[in-house]
Amino acid sequence: MSTVKSDFLHELATRGYIHQCTDEAGLDKLARSEIITGYIGFDCTAPSLHVGNLVSIMLLRKLQQTGHRPIVLIGGGTTKVGDPSGKDEARKLLTEAEIAANIAGIESVFAKFLSFGDGDTGAVMINNADWLDQLNYIDFLRDYGRHFSVNRMLTYESVKLRLDREQPLSFIEFNYMVLQAYDFVELYRREGCRLQMGGSDQWGNIVGGIELGRRTEGVELCGLTSPLLTTASGAKMGKTAAGAVWLNPDMLSPYDYWQYWRNVEDADVPRFLKLFTELSLKEIGKLAALEGAELNEAKKILATEATALVHGRDAADRAAETARTTFEEGEIAANLPSVEVARADLENGLGVLNASLLAGFVQSTGEARRQIRGGGIKVNDVAITNERHVLTLSDLTEEGVIKLSLGKKRHALIRPV
């Protein structure tokens, strides 16, 4: 990518967004000569997107920032099938109502990253159910199924993964790559879309769409993938002991989101600053050169900048200030995440194991027991040693809350109501 001349590919290459490209020279030329319309698909498998989707969202943002037109393709149709990519087993099939509720939950995040409108580079949001729900099965097989080789499809990574591990791959899942390829062709017809982007696990699906476009429309489409991100220790991005790192504030508070980025591994800081903030590369270079205790300042900047993109600058600054007063001044900060419990529960005694579950610190009481044995759970900054410990009204501080902590960096306030 060192020879690219377009602003679009130069920006992606210098910040580490590119894994593979089907035609680098062709895409670079296209980006310099016209406004490219490009898309990424997002299936609606949960009521919020998560940190694992952020690179894809940032790809669309960079596409628009460098003068091109992004399409957010909502997978209202493909969600009914389920993408087998990266999965050992079939995804749960959702009802129409569940899919509609999930769509409502995920749509709002894109307005924070993209500018929607009717202009030449205005982003648009489209639901593939608009055409997939109308397909006639026999006609679709005749017109499009004949262009796909089962021999070739069996070599796709998503299929090989299942077969190599002797895990079942249902026929409905096997159709997913055909439908995604058709999406690309349909978007070309409707919107003049020439580029599909996505994670590296989508490479086979993207290539399938490019080949289908060539055979049915005689057009050369392009594909670009980003690396699937793992942390320096090899863990999957966006997962913690407490679950997924959601982008919607009703599923994960801005404070907890800030804390996720504050606690990343040292080795990940330079890479994450490039991918998940819009600081200049010069400034990132200075932060990346910090070592030891000074590197913590770089992590705070990463946390604040990354949180500002998702939750807004005010929420990011409040989260940073909450962390400062909590950790540096030892205060109970008003902006810490709160968990409301019935006053009667505290009158009767709320077990610390269940309180840890309610706070989202752990996913099971067994995990909470292990944390207590390791001295990891504290009540009002005092370590708990008895797994049968209960919280009562006598534990309330002057502020009328109980501060529950896991380790040094995760805190929540138990509030009686």
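**Exercises: a covered strand and a surface patch**

Strand S15 (residues 410-416) is mostly covered, with 5 of its 7 residues buried. Keep in mind that this is a predicted model.

**Exercise 1.** Work out which way strands S9 and S14 run relative to S15.

*Solution.* 
- Step 1: Start with S9, residues 338-341. This strand runs parallel to S15, and 4 bridges join the two.
- Step 2: Pick out a pair to look at. Val-339 has Ile-414 as its bridge partner in S15.
- Step 3: Now turn to S14, residues 402-406. Here 5 bridges make the link to S15, and the strands run antiparallel.
- Step 4: Opposite Lys-403 you'll find Leu-413 of S15.

**Exercise 2.** Find the residue with a positive phi in the hairpin of S14 and S15.

*Solution.* 
- Step 1: Go to the hairpin, which has 3 residues between its strands.
- Step 2: Look at Gly-407, whose phi is positive, near 65 degrees.

**Exercise 3.** Which residues form a nonpolar patch on the surface, and which helix gives the most to it?

*Solution.* 
- Step 1: Collect the members. Tyr-137, Ile-138, Leu-141 and Phe-171 make up the patch, and together they have about 430 Å² of accessible area.
- Step 2: Find the main contributor. Helix H6, residues 137-143, gives the most, with 3 residues.

**Exercise 4.** Decide whether Ile-138 is buried or exposed.

*Solution.* 
- Step 1: Locate Ile-138, which sits in helix H6.
- Step 2: Recall the cut-off: exposed means over 50% relative accessible area.
- Step 3: Ile-138 counts as exposed because its relative accessibility is 52%.

Technical notes
Residues are numbered from 1 along each chain as its sequence is written. This is a predicted model: local features need pLDDT of at least 70, side-chain atom pairs count only at pLDDT 80 or more; totals for chains, interfaces and linings use all residues. Side-chain values use heavy atoms; hydrogens and water are left out. Patches are made of residues with over 30% relative accessible area and no salt bridge: like charges are joined within 9 Å, nonpolar side chains (Val, Leu, Ile, Met, Phe, Trp, Tyr) within 5 Å. Accessible areas come from the Shrake-Rupley method with a 1.4 Å probe; for residues, only the protein chains shown count as cover. A salt bridge is a side-chain nitrogen of Lys or Arg within 4 Å of a carboxyl oxygen of Asp or Glu. Buried means under 20% relative accessible area, exposed over 50%, partly exposed in between (1.4 Å probe, protein chains only). Two strands pair if DSSP finds at least two bridges between them.
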